[in-house]
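Here is a briefing on one protein structure. Take a look at the model first, then read on.

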Amino acid sequence: MRALITGITGQDGSYLAEQLAADGWSVFGLIRGQHNPKRAWVQSLVPSLVLIEGDLLDQSSIQRALVAAEPDVVFNLGALTFVGMSWDQPTLMTEVTGLGALRVLEAIRAVSPRIRFVQASSSEQFGAARETPQCETTPFWPRSPYGVAKLFAHHVTVNYRESYGIHASAAIMFNHESPRRGEEFVTRKITTAVARIAAGAQESLVLGNLAAKRDWGWAPDYMRCLPLIAGQDEPDDFVLATGEAHSVAELCEFAFGIAGLDWRDHVVSDTSLFRPADVPELLGDARKARAVLGWEPTLRFDDIVREMVRAA
């Protein structure tokens, strides 16, 4: 099997590439720019990885990448993934995260409609969810430009499946973390701060909304599921989640506790860091993935936080 992964230098792309290569796949990664600072890093993780230059903003480069890689599956993990920045750069967010998926699907339709496609959809599409927990049939109500862009990408995936018969599926993934998570994300902010405060290199940590609750999973678990989705006889959409929601305050309490610290002595909530339209809680129901794909998460909240603190 041959795979082309967009977003190859991100947390998800790197884990998926490692897994597919270990399973004997030929893995190709779409990478933007000759001087991408993560090029050497991802290549060191997966020496057999073949990098192809291209950009989700450039239709022709995506088509050239498909011709060069001849993939059986395209895993579209490429996006601007930080929700907070989507209010500052909404147009760029939409171009990359939303229209980028459309460009990949159009390239598949032009080059070879037999290519299978898996879209990395997001729990942020549910936003101000009308039911808890959220599953595949829960109505979407995004509350950020990021969620709106992801929702466009999700709907266009379904549309190309229904309109052109492309084997296009979506993994609606709830928050998933690891030591490879970007430093702008709250899980990395907290776990890195714990290590620095414990070492005397930092005194405090300023965060936004401590009451927000999320369903946090382990990134390698979620990447393990994507080939299972691609391998189904019929394309479909699947929620990937742990079924447990924890607040940012709970995350702080547990992470600081690992280092023997009281988080209340070090963490400050600043209302200026609150999002313009926040999502109070996201909690996923992955029963369909368990029943159809046989997928189960291996790490839960405590173990995930512990692993990230240890790696900080």
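There are seven aromatic pairs in this predicted model, counting rings of Phe, Tyr and Trp (its six-membered ring) whose centres lie within 6.5 Å. Planes under 30 degrees apart count as stacked, over 60 as edge-to-face and the rest as tilted. Because the model is predicted, local features need pLDDT of at least 70, side-chain atom pairs count only at pLDDT 80 or more, and totals for chains, interfaces and linings use all residues. Residues are numbered from 1 along each chain as its sequence is written, and side-chain values use heavy atoms, with hydrogens and water left out.

**Aromatic pairs**
- W25 and F75 make a tilted pair, 6.2 Å centre to centre with 50° between the planes.
- W25 sits in the loop between α1 (11-22) and β2, and F75 in strand β4 (residues 73-76), so the pair ties together parts 50 residues apart in sequence. Helices (H or I, at least four residues) and strands (E, at least two) are DSSP runs, numbered from the N terminus.
- W25 is buried at 16% relative accessible area, and F75 is buried at 0%. Buried means under 20%, exposed over 50%, partly exposed in between (1.4 Å probe, protein chains only).
- F126, F140 and F174 form one aromatic cluster.

**Nonpolar cores**
- The largest nonpolar core has 34 residues, of which I5, F75, L226 and L240 touch the most other members. Such a core is a set of buried Ala, Val, Leu, Ile, Met, Phe, Trp, Tyr and Cys residues joined through side-chain atoms within 4.5 Å.
- Helix α7 (residues 219-230) gives the largest share of this core, seven residues.
- A second, separate core has 21 residues, including A107, F117, V156 and A168.
- L226 is in contact (heavy atoms within 4.5 Å) with L16, F75, L77, V118, A171, M173 and L240, leaving aside neighbours within four places in sequence.

**Helix α10**
- F301, I304, V305, M308 and V309 are buried in helix α10 (residues 301-311).
- They lie on the same side of α10, because they cover an arc of only 130° around the axis. The arc is that of the directions from the helix axis to the C-beta atoms.
- The buried residues of α10 pack against β7 (176-177), α6 (186-198), β10 (217-218), β12 (246-247) and α8 (248-258).

**G284**
- G284 lies in the loop between β13 (267-269) and α9 (287-293).
- G284 counts as buried, at 3% relative accessibility.
- Not counting residues up to four places away in sequence, G284 touches P133, Q134, F174, D215, V239, A241 and G243.
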